[in-house]
Amino acid sequence: MQRRTAPPPILVTADDKQRTSLNVPTAPTIFSNVPGTFAWGVFHERHPKLVQQVLDALPYGPDERAAVEHLLTESTSGVLRPLGESAHDHEQWLEWGEGLFGRPWGEVPFLWAESYFYRRLLEATGYFRPGTWQGIDPFAPFKNAELAGPAVDEELAALRDLPSLTPEKRSEVLLSSALWGNRADLSFQITASTEDTRSPALIADDSPLVWQALAAADSPRVCVLADNAGRELLPDLVLVDHLLTSGLASEVALYVKPFPYYVSDATTADVLTTVERLRASTEPAAERIGRRLWHAMNSATLVVRTHRFFCAPLPFHAMPADLRAELSGATMTILKGDLNYRRLVGDQLWDATAPFAERSGHFPSPVAALRTLKSDVIVGLTRPMVAELDASGEAWRTNGTHALIQVHMPTPSRPDIL
Ligand SMILES: O=P(O)(O)OC[C@@]1(O)O[C@H](CO)[C@@H](O)[C@@H]1O
């Protein structure tokens with residue numbers, strides 16, 4: 001496992017060069033072309049297993065199977081080819097990938113290549129094409145199995161203890177379960193080893209700032225950028241219910257992916273299935289939460305939104321103006337998961353002590369990142385903490401056993417540093 005923390009190659013992009021010349025803080029962009037690195041393992045170890053699971057889970061025909069196999073070969077040993085011309089987002093991807101098509105997959109930024117892999121997987125399975133597989137989520141069998149499983153029954157049963165807690169304790173417990181729910185990422189589970197199931201450690205905790213900001217606002221508006229469906233979305237929704245019922249939020253906007261992505265990322269369909277799982281529960285506490293969430297959607301105190309940028313291969317500092325405007329009114333945006341964190345701070349090999357505020361200052365609202373560590377990117381730690389983690393000999397950046405809650409509250413006079 002330790003070999004995965006080996007630093008990826010020092011390759012610089014044109015963007016990096018420009019930043020260096022402008023004296024803007026920068027760090028090497030992560031690429032996936034060096035064997036032994038985490039990013040290389042995603043393409044060469046995780047994706048082959050994932051592709052096999054997808055082909056085993058649904059009875060795809062010969063064309064879809066061949067296209068999926070072809071994608072695997074192309075993404076490990078070929079060059080990037082654009083989406084077919086009939087794809088609805090062909091032009092959009094040409095723009096996002098200007099200058100990248102024709103290059104080996106490992107030689108474009110890891111974030112870009114990984115995101116494109118999921119878009120191409122949908123092309124291969126026929127998700128957007130008229131025909132049998134149109135609109136069929138290739139990851140639905142995994143997501144549904146997880147939601148139907150006994151672990152979820154246990155989690156729903158545990159909700160009966162919530163009313164006995166003080167409101168403060170309830171806030172703390174529910175934020176913590178939303179945080180640790182991020183370990184239930186199905187793409188991560190494909191390659192996680194059994195040694196990764198040890199008790200987790202919280203290495204940064206700014207959660208008091210979240211509660212202070214919400215308590216101080218008149219009509220707090222909370223945005224939640226969701227991550228995975230199933231056992232992550234469930235505690236996220238329970239937290240949303242708590243925010244609304246306790247008055248810590250007067251309205252919540254829950255942002256999900258516009259289509260299946262990174263295996264288990266939540267879509268609107270997943271939100272509906274999860275609310276229904278709560279509503280149909282035989283555990284009264286869970287059933288009440290499901291019912292309240294349903295009514296919150298009826299009254300638009302809870303709105304479920306999406307935007308094509310949530311499946312874009314770009315960091316959040318490149319967010320389009322319409323989405324930026326939507327998020328900018330939030331009292332707090334709760335940003336879930338590893339991928340959202342990579343997009344927030346930049347998918348680069350930052351010094352782990354680089355200030356979180358410096359990396360997230362471009363975000364349009366105060367932001368609270370809740371993430372278990374499952375990739376090389378990390379900022380905002382203290383020097384002694386980094387020394388201790390490095391001395392442990394563990395692959396602490398990538399094995400999912402560590403987590404953080406990092407908050408940035410912008411001050412109006414701060415300049416944006418990307
Ligand atoms: O965003 P999530 O669900 O927390 O994590 C996504 C993830 O599993 O995918 C990438 C590797 O494929 C890593 O960034 C991360 O480990």
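Residues are numbered from 1 along each chain, as its sequence is written. Because the model is predicted, local features need pLDDT of at least 70 and side-chain atom pairs count only at pLDDT 80 or more, while totals for chains, interfaces and linings use all residues. The predictor's confidence in each residue is given as pLDDT, which runs from 0 to 100. The chain has a mean pLDDT of 92, with 89% of its residues at 70 or more. Over residues 1-12, however, pLDDT stays under 50, and the model has 33 contacts beyond four places in sequence for that stretch. Here a contact means that the C-beta atoms of two residues, placed from the backbone, lie within 7 Å. For the complex, the predictor gives an ipTM of 0.96 and a pTM of 0.92.

Turning to the helices, two packed helices are described by the angle between their axes and the distance between the axes. Helices (H or I, at least four residues) and strands (E, at least two) are DSSP runs numbered from the N terminus. Axes are lines fitted to C-alpha atoms, for helices over the stretch in contact, and angles run from 0 to 180 degrees between N-to-C directions. Angles under 35 degrees count as roughly parallel, over 145 as roughly antiparallel, 65 to 115 as roughly perpendicular and the rest as oblique.

Helix α2 (residues 38-57) packs on α3 at an angle of about 180°, the axes being 10 Å apart. This makes α2 roughly antiparallel to α3. On the α2 side the contact is made by F43, H44, H47, P48, V51, V54 and L55, and on the α3 side by R65, V68, L72, S75 and T76. By class, seven of these residues are nonpolar, four polar and one charged (nonpolar: Ala, Val, Leu, Ile, Met, Phe, Trp, Tyr, Cys and Pro; charged: Asp, Glu, Lys and Arg; polar: the others, Gly among them).

Helix α3 (residues 62-77) also packs against helix α5 (residues 110-125), at about 155° and with axes 8 Å apart. Helix α3 is therefore roughly antiparallel to α5. In this pair, E64, A67, V68, L71 and S75 of α3 meet F117, R120, L121, A124 and T125 of α5. The contact has six nonpolar, two polar and two charged residues.

A further pair is α11 (residues 233-246) with α12 (residues 268-279), packed at about 70° with axes 10 Å apart. These helices are therefore roughly perpendicular to each other. L233, L234 and L237 of α11 make the contact with D270, V271, T274 and V275 of α12.

As for the strands, seven form an open sheet of mixed pairing, in the order β1-β7-β6-β5-β2-β3-β4. Strands β1 (201-205) and β4 (302-306) stand at the edges with a single partner strand each, so one side of each lacks a neighbour in the sheet. Strands pair if DSSP finds at least two bridges between them. β1 and β7 (residues 402-408) pair in the parallel sense over four bridges, and L202 has A403 in β7 as its bridge partner.
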